[in-house]
Amino acid sequence: MTAAGFWGRLAGIIVEGLPLISTRRSREIAEIISDLKTMQDDPRYKEAVADNIAFFKAARCPWLLLGWLALASSRLKRKRERLLEMGDFPFPKWQKRGYAGLASIENHRLGGMMSTGFVRELCRLIRKVKRIKGDDGPVVVLDLGCGGGELGRLVFKELPDVPLAYIGVDITPANIALAERAFRTLHKAGKLVFSKAPQADDAAVDAVRRGAEDGPGKAVAVCFGDIFELDKSLSPGKVDIICHSRVLHHISRPDRPRLEEVCRRLSPVTIEMDDVDCFRP
Ligand SMILES: C[S@@+](CC[C@H](N)C(=O)[O-])C[C@H]1O[C@@H](n2cnc3c(N)ncnc32)[C@H](O)[C@@H]1O
């Protein structure tokens with residue numbers, strides 16, 4: 001094939017691919033790009049805005065997206081630590097859409113595979129702590145960066161026989177709303193006691209513990225909050241296990257020891273799903 005023939009064929013493929021993008025989707029992408037542009041002069045977001053705009057421009061066409069993947073992936077891999085996703089920008093609308101999408105993937109029957117190993121390990125740990133405690137009381141689990149609360153729901157499903165008091169904390173209001181909606185449905189079905197706590201403090205932990213003891217053995221509270229502030233409101237030893245999954249990619253390298261310190265101060269056991277260093281050979 002001649003060079004002209006090759007480019008002609010490629011142009012044909014690109015044009016054929018364009019109708020695959022619906023008008024609604026391209027309108028949404030245009031809206032996202034225009035929202036991102038409002039942040040491009042903010043030094044905290046400048047670099048991430050440029051990367052996200054490049055991605056969304058490519059996402060308008062499958063063929064452009066393939067080209068973007070081929071060209072940008074190794075460059076982005078090198079600066080993985082500084083990357084921000086749409087949920088990290090202060091756009092409530094896109095946070096809500098993005099995390100609702102993540103929740104629907106996680107809730108899908110195949111989506112559980114994303115967490116299976118971690119949930120198994122967390123459940124093993126909960127059973128072990130229950131044995132060590134040796135009483136009838138609930139095991140108190142604190143989920144840092146709980147998102148829509150999917151981890152908690154998977155644990156409840158795996159451990160129907162273990163009394164649990166589960167407290168989830170998250171800094172994204174859209175996620176607290178998601179978690180609240182999902183747990184309220186289970187509350188109405190009588191499967192657990194749900195409450196929304198104003199903050200994760202000793203009183204909130206005591207209330208959830210009582211909810212588990214007096215109710216069906218499972219109680220949940222979710223609260224808005226910054227995990228780095230928790231040791232100001234919670235006393236050491238109030239929770240039995242701290243867990244966090246897929247949160248480390250939101251935390252800068254210098255802040256990670258601070259997170260470890262908070263966990264160490266609050267609980268004898270922490271289990272984390274490291275979604276950053278897990279890619280290193
Ligand atoms: C990718 S989501 C993971 C959600 C959930 N743990 C899971 O595995 O599905 C990361 C979550 O961490 C939360 N997060 C990030 N930094 C936080 C902070 N400093 N305090 C509380 N939550 C935080 C985000 O709001 C987001 O909901």
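A residue is called buried here if 20 or more other C-beta atoms lie within 10 Å of its own, exposed if 12 or fewer, and partly exposed in between, with C-beta atoms placed from the backbone. The model is predicted, so local features need pLDDT of at least 70 and side-chain atom pairs count only at pLDDT 80 or more, while totals for chains, interfaces and linings use all residues. Numbering of residues starts from 1 along each chain as its sequence is written.

View 1. Because 7 of the 7 residues of E2 are buried, the strand is largely enclosed by the rest of the structure. For the chain as a whole, 30% of the 281 residues count as buried.

View 2. Two strands are taken to pair if DSSP finds at least two bridges between them. Strand E1 (residues 139-144) runs parallel to E2 over 6 bridges, with Val139 bridged to Leu164 of E2. E2 in turn pairs with E4 in the parallel sense over 7 bridges, and Tyr166 has Val220 in E4 as its bridge partner. Strand E3 (residues 193-196) is also parallel to strand E4 (residues 218-224), over 4 bridges, and Val193 stands opposite Ala219 in E4.

**View 3. Two crossovers.** A crossover is right-handed if, with the strands pointing away from the viewer, the path from the first strand over the helix to the second runs clockwise. E1, H7 and E2 form a right-handed β-α-β unit. Strands E3 and E4, paired in the parallel sense over 4 bridges, are joined through helix H9 (residues 202-214) in a β-α-β crossover that is right-handed.

**View 4. The largest nonpolar core.** A nonpolar core is a set of buried Ala, Val, Leu, Ile, Met, Phe, Trp, Tyr and Cys residues joined through C-beta atoms within 7 Å. The largest one holds 53 residues, of which Val141, Ile167, Val208 and Val220 touch the most other members. Helix H8 (residues 173-188) gives the largest share of this core, 6 residues. With contact defined as C-beta atoms, placed from the backbone, within 7 Å, and residues up to four places away in sequence not counted, Val208 touches Ala165, Ile167, Ala219, Val220 and Ala221.

View 5. A residue is near a molecule if its C-beta atom, placed from the backbone, lies within 6 Å of it. There are 18 residues around the ligand, and Gly145, Gly147, Ile171, Thr172 and His250 come nearest. Helix H7 (150-158) and strand E2 (164-170) are the elements that give two or more residues to this shell.

View 6. Leu83 sits in the loop between helix H4 (62-78) and helix H5 (92-107), and counts as partly exposed because 14 C-beta neighbours lie inside 10 Å. Leaving aside neighbours within four places in sequence, Leu83 is in contact with Ala48, Asp51 and Leu76. Ala203, in helix H9, counts as exposed because of its 12 C-beta neighbours inside 10 Å. Ala203 and Ser233 are 30 residues apart in sequence and 9.5 Å apart in space, C-alpha to C-alpha.

Key
Contact = placed C-beta atoms within 7 Å.
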